[in-house]
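Here is a short briefing to read alongside the model. Have the viewer open, and let's walk through a few local features together.

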Amino acid sequence: MTDWRYRRANGRYCRADWRYRRAVMTLRAGGIVAYPTESVFGLGCDPWDRAAVDRVFAVKRRPARKRCIVIAAYPGQLERLVDVRVPRFCEFASRYWPGPVTLVAPASERAPAWLVNADGTVATRVTDHPVARGLCASLGGPLISTSANRGGHPPACDILRVRAAFGTEIDWYVAGRVGGLAAPTRIVDVRDGRTLRG
């Protein structure tokens, strides 16, 4: 079986990119950025920053009881969030990542409470979208990923619509095209292999 952390050694997931410098500065200062993902534009912030995560929920008008997906450039960025000792997690990670599949798995003891679902799990994905992956690589850590829309409204698929919807409520907009995925990413529960979405 392939080691789920092996991709950390691959430079294209680790190399910081000057194109994302302003976005990274914004994230490290507790800001929110909008960026393209596999299917829609997303809103993101530093998942370890509780105030920033709360602000994402406020901007979206999303109930705080819901949790966000956390994306990464390579699996090693998720080690503090996911209990990697869970049977089948490494198998699923090696099978689906990088790619448009989100894995729900038991949270690590170090995972902050505001990222953990009521059943003790977190939802994570190693993205293969070049912009989203580049942001995580340049930040040096994972990123909150939630669709760029107000509660009850359809997600935006281009930067102009995101700007029109949020304006200055978003601190930085990262240009780029969304991927070719026609629907939100598939979600799989590693505990029993069930597909929860998609």
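A polar contact here is a pair of N or O atoms within 3.5 Å; within protein, one must be able to donate a hydrogen and the other to accept it, and residues adjacent in sequence count only if both atoms are side-chain atoms. This is a predicted model, in which local features need pLDDT of at least 70 and side-chain atom pairs count only at pLDDT 80 or more, while totals for chains, interfaces and linings use all residues. Residues are numbered from 1 along each chain as its sequence is written, and side-chain values use heavy atoms, with hydrogens and water left out.

**His129 and its surroundings**
- The backbone nitrogen of Val131 lies 3.1 Å from a polar atom of the His129 side chain.
- His129 belongs to the loop between strand 5 (121–126) and helix 5 (130–139); helices (H or I, at least four residues) and strands (E, at least two) are DSSP runs, numbered from the N terminus.
- With 5% relative accessibility, His129 counts as buried (buried means under 20% relative accessible area, exposed over 50%, partly exposed in between, using a 1.4 Å probe and protein chains only).
- Beyond neighbours within four places in sequence, His129 is in contact with Pro36, Thr37, Glu38, Arg177, Val178 and Gly179, where contact means heavy atoms within 4.5 Å.

**Helix 4**
- Helix 4 (residues 89–96) is largely enclosed by the rest of the structure, because 6 of its 8 residues are buried.
- Those buried residues are Phe89, Cys90, Phe92, Ala93, Ser94 and Tyr96, and they pack against strand 4 (101–106) and strand 8 (186–189).

**Rings and charges**
- The structure holds 2 aromatic pairs (rings of Phe, Tyr and Trp, its six-membered ring, with centres within 6.5 Å; planes under 30 degrees apart count as stacked, over 60 as edge-to-face and the rest as tilted).
- One of them joins Phe89 and Trp97: the ring centres are 5.9 Å apart and the planes at 80 degrees, so the pair is edge-to-face.
- Phe89 is buried at 0% relative accessible area, and Trp97 is buried at 2%.
- Arg95 lies over the face of Phe92, 4.9 Å from the ring centre, and the charged end of Arg80 sits over the ring of Trp48, 4.0 Å from its centre (NZ of Lys or CZ of Arg must be within 6 Å of the ring centre and within 35 degrees of the ring normal).

**Cysteines**
- A search of the whole structure finds 0 disulfides (pairs of cysteine sulfur atoms within 2.5 Å).
- For Cys68, the nearest cysteine sulfur is that of Cys45, 7.4 Å away; Cys68 is buried at 6% relative accessible area.
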